[in-house]
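Please brief me on this protein model. Keep it short and group the points by topic.

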Amino acid sequence: MSEYYLVDVKSITSKVPRSQFAVDEIEALAKSILAAGGLLSPILLKQTGAESYEVLAGDREYYAAVRAREINPREAEMVNAFVVPEEVSDAAVEQFEQSRALHPSPPSVPSPDTQTPTLASFSYMDQRVTNLEARLDAAIQDIKQTQQRDIQRLEQHLQALQQQIPQRVEPLETFNTASPATLMQKLAIAGIRGKTADTLIKNIEKARAKAPFTSFSDVVKRVEKLGDKRMLSILDAWNRVF
């Protein structure tokens, strides 16, 4: 289905050279467009990109709109047009040509110096404002969606980083639940390695197999080769790291 739009003149191109139309004819129609507040007979376009169009029918009117914009960029920024889907382009062009045959020349329009505002000019401005508001709303929605996606990606990234941060394990829980390999790593932090570390790990496993440790004093009391000074050294090293 063809859609009616106000299209930015700069976004339109034509395959028909401007030189095919008489200069005075284009000039007269351009002044008529400015005087009437817009092109009263919309041209037909096909969309060639996100913000680009090509003339299907109405090349003369298009070049007149270009000239009108050259004369007054603010008043002739947009042009009335139907954006036609490819599947109905032939029928639309045929209808356009038939309509032109019935009305071979544009209606005369009073000079801009004497013309008073008309309903058509007000209607054109309303359509223009509505079109601009719609484009602004669409741009704002795109920005909001982009921001929302960025926030979601940031939250996912933060969650991934949080999962990578090692969770603090209380020293007493380490003595009660840590595997021999983990105990070896943690004792190495306190400078205990080699046979001494192997002996302590075996003694820790032997003691906790009977019952969980209830305090650090309980650990010192039940684990052979682990005295008060060594326990304080271990706890001090672990607190500095963890």
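E3 has V83 in strand 5 as its bridge partner. That bridge belongs to an antiparallel pairing of strand 1 (residues 3–8) with strand 5, which runs over 6 bridges. Two strands count as paired if DSSP finds at least two bridges between them. The model is predicted: local features need pLDDT of at least 70, side-chain atom pairs count only at pLDDT 80 or more, and totals for chains, interfaces and linings use all residues. Residues are numbered from 1 along each chain as its sequence is written, and side-chain values use heavy atoms, with hydrogens and water left out.

**Strand 5**
- Strand 3 also pairs with strand 5, in the parallel sense, over 3 bridges.
- L44 stands opposite F82 in strand 5.
- Strand 5 is largely enclosed by the rest of the structure, because 5 of its 6 residues are buried.
- Buried means under 20% relative accessible area, exposed over 50%, and partly exposed in between (1.4 Å probe, protein chains only).

**Whole chain**
- The protein chain has 9 helices and 5 strands.
- Helices (H or I, at least four residues) and strands (E, at least two) are DSSP runs, numbered from the N terminus.
- Along the sequence, the pattern reads β-β-α-β-β-α-β-α-α-α-α-α-α-α.
- Buried residues make up 32% of the 242 in the protein chain.
- Among contacts (heavy atoms within 4.5 Å) between residues at least 6 apart in sequence, 75% join residues at least 24 apart.
- The protein chain exposes about 15900 Å², and carbon and sulfur atoms supply 54% of that area.
- Accessible areas come from the Shrake-Rupley method with a 1.4 Å probe; for residues, only the protein chains shown count as cover.

**Nonpolar cores**
- A nonpolar core is a set of buried Ala, Val, Leu, Ile, Met, Phe, Trp, Tyr and Cys residues joined through side-chain atoms within 4.5 Å.
- The largest one has 23 residues, and I12, I33, I43, L45, Y62 and V79 have the most contacts inside it.
- Helix 1 (23–36), strand 3 (43–49), strand 4 (52–57), helix 2 (59–71) and strand 5 (78–83) each give two or more residues to this core.
- Helix 2 supplies the largest share, 6 residues.
- Y62 touches V9, I12, T13, S14, I43 and V55, not counting residues up to four places away in sequence.
- A second, separate core has 21 residues, including L187, L200, F213 and M231.

**G37**
- G37 sits in the loop between helix 1 and strand 3.
- G37 counts as buried because its relative accessible area is 18%.
- G37 and A76 lie 39 residues apart in sequence and 8.1 Å apart in space, C-alpha to C-alpha.
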